[in-house]
Amino acid sequence: MRIAALAAAILVMAGNSAVSAAAQATPADSASMAIGTVLGATMGRIVGEFEQGGVALDRDIVAQAAMQAINGRHTGLSLDRAQSIVDHIMATMQKSVAVVDSFDTASQERFLAEAAAKPGTVRTPSGVVLEVLTEGEGAMPDADDSVRISYVGFLSDGSIFDATDDPVIFPLAELTPGLAEGLAMMRPGGRYRVTIPSAMAYGEQGIPGIIPGRAALQFRVEMIGIVPKQDK
């Protein structure tokens with residue numbers, strides 16, 4: 001993610017009390033409120049992802065700095081310096097799992113059970129747990145289709161092992177079996193939380209330095225669209 005986008009999107013988190021229901025009298029005011037609401041909700045999720053990854057944040061300072069940047073005022077950091085700090089934080093979050101070689105099976109089974117216990121979840125025969133955050137519309141992808149997605153991948157300890165800055169396209173056939181199974185049950189526009197047992201992910205070995213062995217994985221994923229095989 002880029003700092004410019006981070007600063008712009010977090011505007012509504014500043015809690016500007018000057019914006020009130022009465023200010024929605026004109027189309028411009030209504031559009032401003034709508035855009036601010038969407039951007040604020042998005043930024044709330046992004047800030048939450050940093051916090052879930054173990055980054056201590058003061059949301060008041062985040063909002064204050066964002067407002068200063070949006071209005072063209074100096075925040076105390078140059079844009080390049082701020083971007084460098086964020087890049088370092090994200091790299092540290094991704095590397096933090098390298099100290100763990102493997103997880104114990106019992107802890108991963110508990111992680112899966114906790115995910116499956118949430119209301120409205122579905123657990124497939126293979127053990128993949130699906131939680132619908134937002135239901136999509138249209139057809140589901142076929143096995144030989146590719147999908148355009150955005151995602152954040154978590155380990156059971158809450159650390160982030162992978163995340164997209166921009167939507168990416170993957171052939172379903174090239175993904176881990178668990179993620180492919182979950183995506184095959186989604187529709188464009190849908191947002192799911194997909195929790196995958198180790199056997200449907202990277203198994204006993206994991207990916208050294210990135211994903212511990214025996215790790216169950218959880219993805220918060222949005223399906224942007226489907227790319228049929230003949231269109232690739």
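Phe219 is buried, at 6% relative accessibility (buried means under 20% relative accessible area, exposed over 50%, partly exposed in between, with a 1.4 Å probe and protein chains only). The model is predicted: local features need pLDDT of at least 70, side-chain atom pairs count only at pLDDT 80 or more, and totals for chains, interfaces and linings use all residues. Residues are numbered from 1 along each chain as its sequence is written, and side-chain values use heavy atoms, with hydrogens and water left out.

There are two aromatic pairs (rings of Phe, Tyr and Trp, the last by its six-membered ring, with centres within 6.5 Å; planes under 30 degrees apart are stacked, over 60 edge-to-face, the rest tilted). Tyr151 and Phe219 pair edge-to-face, at 5.9 Å centre to centre and 70 degrees between the planes. Tyr151 lies in strand β3 (residues 146–154) and Phe219 in strand β7, so this pair ties together parts 68 residues apart in sequence (strands are DSSP runs of E, at least two residues; helices are runs of H or I, at least four; both are numbered from the N terminus). Phe161 and Phe219 are also edge-to-face, at 5.6 Å and 85 degrees. Phe161 belongs to strand β4 (residues 160–163), so its pair with Phe219 in strand β7 ties together parts 58 residues apart in sequence. Phe161 has a relative accessible area of 7% and is buried. Tyr151, Phe161 and Phe219 form one aromatic cluster.

## Arg220 and Glu49

Arg220 is located in strand β7 (residues 217–227) and is buried, with a relative accessible area of 16%. Its side chain forms a salt bridge with that of Glu49 (2.9 Å, N to O); a salt bridge is a side-chain nitrogen of Lys or Arg within 4 Å of a carboxyl oxygen of Asp or Glu. Glu49 sits in helix α2 (residues 27–52), 171 residues from Arg220. Both residues of the Arg220–Glu49 pair are buried.

Beyond neighbours within four places in sequence, Arg220 is in contact with residues including Gln52, Leu133, Tyr151 and Arg193 (contact means heavy atoms within 4.5 Å).

## Other salt bridges

The structure holds five salt bridges. One of them joins the side chains of Glu131 and Arg193 at 2.9 Å, N to O. This pair links strand β2 (residues 129–134), with Glu131, to strand β6 (residues 191–196), with Arg193, across 62 residues. Glu131 is buried at 15% relative accessibility, and Arg193 is buried with a relative accessible area of 17%. Lys118, Glu131 and Arg193 are linked in a network of salt bridges.

Arg59 and Glu51 also meet through their side chains in a salt bridge (2.8 Å, N to O). Arg59 is partly exposed at 34% relative accessibility, and Glu51 is partly exposed with a relative accessible area of 30%.
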